[in-house]
Amino acid sequence: METQRRLLAATARCLVDSGYARLTTAAIAREAQVSEGALFRHYPTKADLIVAAIEQVFADLESRYRRSIERAGKKDDVAAASVEALWKVMTTPEYLMTNEVYLAARSDGALGAALRPMALRHQANLLRRARELYGANAPPHFDDAFDVLILAMQAAAIDSVALQDKRTDRRRLAAFDALARLALKQTR
């Protein structure tokens, strides 16, 4: 269990530091201070290891999201609190790295096949958590509106890496807050 934990953490660090294109199992094993043989005993393929690491990253980011919502103390303003907390998570190096892996799955069949079931679980989990947060206030079209909002925020977070413009980020965050209120029909 400790070896697996080290491997997952090392994989995430290597992905954040070097990116998917330069990721090797040798580098991961070195970072985790295990042999490549031990790595492959726990994760039969590189894709299995990457997907397990992404799943752990998502679990960690979800915990950060929840803590951020709790600290916001804006229970009466769910849209503002959730948009702000999502943006904080989506602009972390760890989350941006997951987008890089998702894009790599386009041309890496083994990664795509291993990633798809986890991505579907993650998507369902996000929606379930959002429904819990919005509760009875969720309109009938909630699922579609939430999905579009998440996708738009993901794209903006990726664009934020290239632009490096905090003013644009703040403007977009305000627009996402307005969109969330409109699409999810929450008023102040």
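Which helices each supply at least two residues of the lining of the largest pocket? In this predicted model, local features need a pLDDT of at least 70 and side-chain atom pairs count only at pLDDT 80 or more, while totals for chains, interfaces and linings use all residues. Residues are numbered from 1 along each chain as its sequence is written, and side-chain values use heavy atoms, with hydrogens and water left out.

The helices in question are H4, H5, H7 (109–134) and H8 (142–163). Helices (H or I, at least four residues) are DSSP runs numbered from the N terminus. The volume of the largest pocket is about 550 Å³, a volume being the space filled by probe spheres set on grid points that are joined across faces, edges and corners. A pocket is an open set of points on a 1 Å grid over the protein atoms alone, where a 1.4 Å probe fits and protein lies on both sides within 12 Å along at least five of seven lines; lining residues have an atom within 4 Å of a point. The lining comprises 29 residues, of which Glu62, Tyr65, Asn125, Leu126 and Arg129 are the closest to the pocket centre. H7 gives the most to this lining, with 10 residues.

Helix H1 covers residues 2–18. Its 17 residues should span 24 Å at 1.5 Å a residue, and the end C-alpha atoms are 24 Å apart, which agrees; the expected span is 1.5 Å times one less than the number of residues. The buried residues of H1 are Leu7, Leu8, Ala10, Thr11, Ala12, Cys14 and Leu15. Buried means under 20% relative accessible area, exposed over 50%, and partly exposed in between (1.4 Å probe, protein chains only). Helices H2 (25–32), H3 (36–42), H4 (46–72) and H6 (93–104) are among the elements that cover these buried residues. Gly19, which follows H1, has a positive phi, near 85 degrees.

The structure holds 4 aromatic pairs. Rings of Phe, Tyr and Trp (its six-membered ring) pair if their centres lie within 6.5 Å; planes under 30 degrees apart count as stacked, over 60 as edge-to-face and the rest as tilted. The ring centres of Phe58 and Tyr102 are 6.4 Å apart and the planes stand at 80 degrees, so this pair is edge-to-face. Because Phe58 lies in H4 and Tyr102 in H6, the pair ties together parts that are 44 residues apart in sequence. Phe58 is buried, at 8% relative accessible area, whereas Tyr102 is partly exposed, at 30%. A tilted pair is formed by Trp87 and Phe176, with 6.4 Å centre to centre and 35 degrees between the planes. This pair links distant parts of the chain, 89 residues apart, with Trp87 in H5 (residues 78–90) and Phe176 in H9 (residues 166–183). Trp87 is buried at 9%, and Phe176 counts as buried at 7%. Phe58, Tyr95 and Tyr102 form one aromatic cluster.

Gln154 lies in H8 and counts as buried at 17% relative accessibility. Leaving aside neighbours within four places in sequence, Gln154 is in contact (heavy atoms within 4.5 Å) with Met90, Tyr95 and Asn99. Ser68 lies in H4 and is buried, with a relative accessible area of 10%. With neighbours within four places in sequence left aside, Ser68 is in contact with Ala85 and Lys88.
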